[in-house]
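Here is a friendly briefing to read alongside the model. Please have a look at the structure first, then go through the notes by topic.

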Amino acid sequence: MVGNFASRSRGWRQTLSHRSRDDLPFDPLRIPTDASLLFDSTVYIDQLKGQLPAAIVNLIASRIIFHAAPALAELAVVIGALDPADRRTRSAIEPIIDTLTRISTRRIITPTYEVWLEASVLAGILSRTQGIPKQDRRRFLNDCLLFLLASDSRCVLITRNSRDVDLLLQLKPQTAVLLYDKI
């Protein structure tokens with residue numbers, strides 16, 4: 001899998017450019033009624049803050065939801081990163097802990113070795129084509145993992161990360177994605 005993808009990736013020498021919003025998948029009505037959903041960490045964050053658009057909330061209420069281990073890890077890192085001595089930390093992490101503990105482990109999808117490798121190659125391609133400095137090469141890795149997990153599990157990835165996902169869709173356009181803007 002990676003060998004094949006790596007050989008195809010040699011053609012990506014140019015800089016990928018961002019497309020117009022009109023060319024991106026922002027319409028929840030275009031999601032098939034039988035499609036399962038996979039959340040980026042932005043969905044959890046926006047939901048906790050009350051900034052998830054009503055159309056996305058309605059879509060979520062009517063579908064089977066899966067959770068990506070990399071997105072949950074992005075949430076969990078906040079628990080350890082916030083200063084426990086700061087009086088605001090407890091109120092900040094309690095909703096995150098509550099969210100993470102309510103998720104059924106049967107609904108969590110973890111990347112396979114092949115997905116990790118392909119995501120790493122994709123992250124490298126994006127880093128190179130976007131001129132990302134060497135020390136920041138892993139910047140795209142979690143986005144690539146989520147994107148490929150959605151593709152591999154035949155779920156629709158829901159995210160507000162339109163800039164990075166636009167680039168990923170140019171590399172692998174058959175992946176199902178729904179983008180949104182927070183309210």
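Thr 89 lies in helix 5, residues 89-102; helices (H or I, at least four residues) and strands (E, at least two) are DSSP runs numbered from the N terminus. This is a predicted model, where local features need pLDDT of at least 70, side-chain atom pairs count only at pLDDT 80 or more, and totals for chains, interfaces and linings use all residues. Residues are numbered from 1 along each chain as its sequence is written, and side-chain values use heavy atoms, leaving out hydrogens and water.

**Thr 89**
- Thr 89 counts as buried because its relative accessibility is 8%; buried means under 20% relative accessible area, exposed over 50%, and partly exposed in between (1.4 Å probe, protein chains only).
- Leaving aside residues up to four places away in sequence, Thr 89 touches Leu 82, Asp 83 and Pro 84, where contact means heavy atoms within 4.5 Å.

- Five strands form an open sheet in the order 3-2-1-4-5, with parallel pairing; two strands pair if DSSP finds at least two bridges between them.
- Strand 3 (108-109) and strand 5 (177-179) are the edge strands, each pairing on one side only.
- Strand 2 (residues 65-68) pairs with strand 3 in the parallel sense over 2 bridges, and Ala 68 stands opposite Ile 109 in strand 3.

**Cysteines**
- A search of the whole structure finds 0 disulfides, a disulfide being a pair of cysteine sulfur atoms within 2.5 Å.
- Cys 144 is in no disulfide, and its nearest cysteine sulfur, that of Cys 155, is 18 Å away.
- Cys 144 is buried, with a relative accessible area of 0%, and Cys 155 is buried at 3%.
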